[in-house]
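Okay, thanks for coming, everyone. Let me put the structure up and walk you through a few spots in it.

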Amino acid sequence: MMTTTNPVVTFGSLDLYGENDLNGIVFDLEMIGSDGGLDWGRPEAVDVWVKSLLMDGSLVATQRHENRQVEMQVRIVADSADGLQSGEEALFLECSRPTTFTWTPPDETAATTVFIVLTSHLSPVVEDDLDERRLTRTYQLSLTCEPFTRSVDAITETVTPLGVVPAAAVLIDECTVSTGWTGSDTVSVVSGQAVRVTHYSGYVSTAELWLQRAGTVVVTEAFIRVKMSTTIGNVTSTTLSLDGTEYAPYAVSAGFTWFAVPAGTYSTMKIRVYGGRPPPYPGTGFEYLTIWSMYQTNVATIGTRRELTHVVDVEGSARTPATVVVSHASNNLGNIVVYTYPRALGPYGPSLAGFRTGGGAVTLDATLVSGGREPLSATPTYTVPQENLPQGTYEIVALIRHTAAGKISLTWTATVAGVTSTGTVKVTIAAANTWQVTAIDWVDLPPLALKSTSDKSIVLTLLGPADSEVDIPWLFHTDGSYTVVADAAEKTLTIVAPEADQQGGMVYVGDHHPGAALKPWGRHQFIPTQIGLYLVTSGTEDAGVTLTYYPRWFTHARL
Amino acid sequence: MPAGLQIMSGGVWVSAIGGWGDCEWSTVTQGSDELSWAMSTVRHSALRGRQLVTLYAGGIPVWAGRLNEPDWDAGTFSATGLWTLAEGYPALDGAGVVTSCPDDAIDAAIAKGLSWTRPDSLSAAAFSTDTQGEVSTLAELLDAWADSVGKWWAVNARREVYAYTKPAASFQHTPTGGSPVPTDDGFVTALTGRRRTITGGYATDTVVDVDAEARWGHKEDTIDLTHLGYLPAAKAQSVLQGQLDKGRARMGWGQGIAVTNHQLLTMGGTPANTYAAVAGKTLRMHVWDDSRELSGNTTLDVMIGRSTHRQDDPVVELEPFQMAATALPDVLATLKGTRKR
């Protein structure tokens, strides 16, 4: 038998299901349900109809949602007309301004849902001409709310850097033979280098692939690192199962996925990907999951301790803005880059450092983000497999410096299948011999549309003048968003999400706005169920990140 | 589609002042044209008229201009592109003497407060050896010089002034039915220019596009070049020929297109970045139309003359260069001779 309690409904400071008082005068408020036309409203979807190459029909995409309209009737019951008037006064004092409306359903397992009211309106309703004699008045309350509701409490997720020196990775499997491997479909070895499961799917909207390794492994390190890729588009879930227990990715970067796992002895390891390729991309018939290697590692990044990569679980059913705090206990953060991106981008990670295949002489320097620097005049070259570059628009951004302030010319090229796209831009060097995060250009990648089964790699180069150097370059996919603060001489960075009373959001370093040092200011959206996070702090190793957000829901909250 | 639009006005991020939205912006062949957005806010020094405004998509600037005096009651803000400022500066050099050298005129205007930068030379040569007392505006000088070398001049979103020729196609348009509609508004096969002679008298020169005449017959227009001072015949003819070559000797267009990145692809076949589909880029249209080019090509490479973008909207509106003037502001600008060419 389920225990039920009374529902709880509040509007601003008023209890819409109980006794209230205004200046000592008492009255009861009662939200009327079925007879009162209670309407929770709905987020109004803004759909865009797109003509396509199809002979008939159009493609529809939902761009965003508009505000919802919540309607209800509220009855005031009192001992006197004074009480009725006070009830009306109290209700109207809450109207016409931002406030909240909360609803707790009667079941004991129900969570409280908060509607974020942007404005509200009141109008009298005369139901029965005997109401005044019964000391009852009824009003229509119309609430214009944000499209999605939220939970009462914000969720805070803390990403603490390990703060350990990377040790040598311990081999689990080099994946050069298929012995011991089984899969959801046909398992084969690709070019003697990787194990692959191939699934023929035709034109489908979802696909699931897995590869399982049988064999005893003693896990002593904190992470299992899998070098993997898949041609399934729009990956929604990647998991590693150790003897049946599933783990979600801890970090994804440069073709590697790390899973945080407990120490122990395991006899089966299973990698599973799940996703779908939404229209209009045509199905190619074949979907692959390919694993090149599995190692145990004590760190979850191929970068240095000045970088942090992590996959954040996002609760809720609708996207939500989040507040991000980057901090270090004792060191200033330096140049800060915060990048969040949808996990649907799959095995993509923004850093190009792990894909470097050529260029000039690298000077090692442990104070730099990548651990070294090289001349831009010697054309640093990066080779990225196409699965690690989901199709789209990217920003080429790099941490560079030059011996003199002023404008310098930078040239980028991207080549695949013999076709090169290129661009030259002039960027401003603000100060001599000072590392700066520089947005170079936009590039649509890959330069040629590639079949999802293609094993081609895209070769990227950068070229700058003499006396210019690069520490680390990035490709930021524009489905994500990044924020940069230059040379922060503070120990904390706070990116505040837009709220009703600070509609543009805000950024603070330490206790103040960074002013011109903030460029660009990103829009960090947290989309359920997971987002990728990539952080750079050039001034310190082992910075930590805290993400705070309210889970957002369609109408009723779960948490 | 790139997300993350932010506006910086007067060195301050507008988001730090308050919430804003309904952002719309357009570009023309001379660079950023118009930008508008709405926000309800108290007055702020960074939002006073004449402040420098830049629109960023992520870290890339996509529009730059100067803020017009805001309508505080309505909460609407608009800004005008940096290229239009050239109309407000006379073509003088650093000493205040009339000049017809584009580089000198630009540098002097920058020194006086024009918010451009000039990273490269446009031309270090005097356009006219004797201006004969005429003082053209910086815009008129740059227009004439650019025509004479078959280029367009523009100020990009990084505030750099530069000149360019019609580039190779960077976008292709997948047709969803119908073909572009040509119109002969603005189309000519011959241009006659009236110029000053070395003695201060007047002379006229005519250039003709022979291929266009053969195809469509004779249609003529007159251009007044007397504001540039003395021009030898060859120079005047190069200005007129440049205008014909840039597109006046071919049929114009009666309508633009509205596309998303499903219909606008890169030349590599991937969905295009609609924010990068700006005026000055070239669009390949996969139709065969013999009203352009007269070259036997089976595709049509048309330069974008105007692009209009909206925040959160996957649709970009593109008008081809040589669009017929139908909107009143464009008609007035054509009559005044300041229509973007």
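So, look at how helix α1 of chain B goes past helix α2 of chain B: the crossing is left-handed. Keep in mind that this is a predicted model. In chain B, α1 covers residues 102-112 and α2 covers residues 138-148. The two axes come within 10 Å, and they cross at roughly 150°. An angle over 145 degrees counts as roughly antiparallel, so that is what we call α1(B) and α2(B).

Which residues make the contact? On the α1(B) side you have B:Pro102, B:Ala105, B:Ile106 and B:Ala109. Facing them from α2(B) are B:Leu138, B:Leu141, B:Leu142 and B:Trp145.

Now slide into the loop between α1 and α2 of chain B, where you'll find B:Thr131. Is B:Thr131 buried or exposed? Its relative accessible area is 17%, and the cut-off for buried is under 20%, so B:Thr131 counts as buried. As for what B:Thr131 touches, leaving out residues up to four places away in sequence, we get B:Val98, B:Ser100, B:Leu228 and B:Gly229.

Next stop, B:Val28. This one sits in strand β3 of chain B, residues 21-28. B:Val28 has 2% relative accessibility, so we call it buried. Here's a pairing to look at on the screen: B:Val28 and B:Thr308 are 280 residues apart in sequence, yet their C-alphas are 9.2 Å apart in space.

Okay, cysteines. How many disulfides are there over all chains? The count is zero. Take A:Cys145 as an example. For a pair to count, the sulfurs have to be within 2.5 Å. A:Cys145 is also buried, at 0% relative accessibility. Over in chain B, B:Cys101 comes out at 3% relative accessibility, so it goes down as buried too.

Last thing, the confidence scores. The model has an ipTM of 0.85 and a pTM of 0.84. For chain B, the average pLDDT is 87, and 90% of the residues score at least 70.

Key:
Residues are numbered from 1 along each chain as its sequence is written. Chains are lettered from A and ligands numbered from 1 in the order in which they are written. This is a predicted model: local features need pLDDT of at least 70, side-chain atom pairs count only at pLDDT 80 or more; totals for chains, interfaces and linings use all residues. Side-chain values use heavy atoms; hydrogens and water are left out. Buried means under 20% relative accessible area, exposed over 50%, partly exposed in between (1.4 Å probe, protein chains only). pLDDT is the predictor's confidence in each residue, from 0 to 100. Axes are lines fitted to C-alpha atoms, for helices over the stretch in contact, and angles run from 0 to 180 degrees between N-to-C directions. Helices (H or I, at least four residues) and strands (E, at least two) are DSSP runs, numbered from the N terminus. Angles under 35 degrees count as roughly parallel, over 145 as roughly antiparallel, 65 to 115 as roughly perpendicular and the rest as oblique. A crossing is left-handed if the near helix is turned anticlockwise from the far one by less than a right angle, and right-handed if clockwise. Contact means heavy atoms within 4.5 Å.
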